[in-house]
Amino acid sequence: MSTCPGIYFDIGKKAKDVLHKDYSNLSPIHFHYQFMDYNVDLSCKVDELVPGFKSLFKCTIPDSGKVELQHLSNYTGITGCIGLEGNLEKGYDPVLNLSGLVGTNILSLGGNVALDLPTRTISKLNAGLGLNTDFLVASLTMHDSFDIVKASCYHEVNPLTKTAIAAELNHSLSMGETSATVGAQHAFLPQTLVKARFDTFGRAGALIQQGFWERCFVTMAGEVEFNTSDNNLHPKVGVSVALKP
């Protein structure tokens, strides 16, 4: 049995997948045509590029792109990547990102730092602690140079139907504000997954994802905000198509 803790971005990943993955969220920089906003995500992962290393290429057109190298061992997971991040004011900024994780597949501790190469400044500084058990998957992370504290938990109710519940709590130390998001998922059929979430800002979201031929996935997601200042609902609807090898 492997004791590899994975990589830093695996901390809290199961809760994030339930609460955030595949919902109708757009990258800061995206295409616009008539009433539609859209972008294109491309990714490719190569296992065992050389013994002990994996490589990942990911591009969100037109927002960002990166090339990442991962090294995994029994008790550590180290990643390094270089890429471009979109800037609404001045195009694209080259960024170097380094992260490390130590521990086991049950308990792990790690950190992540991103450097803005032109200015030689730290643009991101995060740290996190992850707990992974059969009953509960939990995490505690700090973001934005330790200004934002996030705690998340995930519990799988029924693995056969992918039924799970998740919750996330965010607290800003500088603003003194706290928010929470709760959500759940359930597969009515092996290839049909439904998710729903609600947060303390009054936003409710839901999606249905249908798989075809075990390779193609079509997702329809929607979100509505109830706490609007003009008392008018502004629902958002998104559709995505994913092809997986």
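Good morning. I begin with a charge and a ring: the charged end of Lys66 sits over the ring of Phe9, 5.9 Å from the ring centre. Please keep in mind throughout that this is a predicted model.

Phe9 also takes part in an aromatic pair. A search of the whole structure finds 3 such pairs. In one of them, the ring centres of Tyr8 and Phe9 are 5.6 Å apart and the planes meet at 80°, so the pair is edge-to-face. How buried or exposed are these two residues? Tyr8 has a relative accessibility of 5% and therefore counts as buried, whereas Phe9, at 33%, counts as partly exposed.

Another of the pairs joins Phe212 and Trp213. Here the centres are 5.8 Å apart and the planes stand at 45°, so this pair is tilted. Phe212 is partly exposed, with 35% relative accessibility, and Trp213 is exposed, with a relative accessible area of 74%.

There is a further case of a charge over a ring. The charged end of Arg197 sits over the ring of Tyr23, 4.1 Å from its centre.

I turn now to the interior. In soluble globular proteins, nonpolar side chains tend to be buried together. Which residues make up the largest nonpolar core in this model? There are 7 residues: Ala15, Val18, Leu19, Val137, Tyr154, Ala164 and Ala166. Both α1, residues 13-19, and β12, residues 163-172, supply at least two residues of this core. The largest share, 3 residues, comes from α1.

Leaving aside residues up to four places away in sequence, Ala164 touches Tyr154, His155, Glu156, Val157, Gly183, Ala184 and Gln185.

Finally, the backbone. Most residues other than glycine have a negative phi, and most peptide bonds are trans. Where does this model depart from that pattern? A cis peptide bond joins Ile61 and Pro62, with omega about 5°. Pro62 lies in the loop between β4, residues 53-61, and β5, residues 64-72.

Two residues other than glycine have a positive phi. For Asp22, phi is near 75°; this residue is placed in the loop between α1 and β1, the latter spanning 31-33. Asp22 is partly exposed, with a relative accessible area of 30%. For Ser145, phi is about 55°, and the residue is found in the loop between β10, residues 137-143, and β11, residues 148-158.

Thank you for your attention.

Key: Residues are numbered from 1 along each chain as its sequence is written. This is a predicted model: local features need pLDDT of at least 70, side-chain atom pairs count only at pLDDT 80 or more; totals for chains, interfaces and linings use all residues. Side-chain values use heavy atoms; hydrogens and water are left out. A nonpolar core is a set of buried Ala, Val, Leu, Ile, Met, Phe, Trp, Tyr and Cys residues joined through side-chain atoms within 4.5 Å. Buried means under 20% relative accessible area, exposed over 50%, partly exposed in between (1.4 Å probe, protein chains only). Helices (H or I, at least four residues) and strands (E, at least two) are DSSP runs, numbered from the N terminus. Contact means heavy atoms within 4.5 Å. Rings of Phe, Tyr and Trp (its six-membered ring) pair if their centres lie within 6.5 Å; planes under 30 degrees apart count as stacked, over 60 as edge-to-face and the rest as tilted. A charge sits over a ring if NZ of Lys or CZ of Arg is within 6 Å of the ring centre and within 35 degrees of the ring normal.
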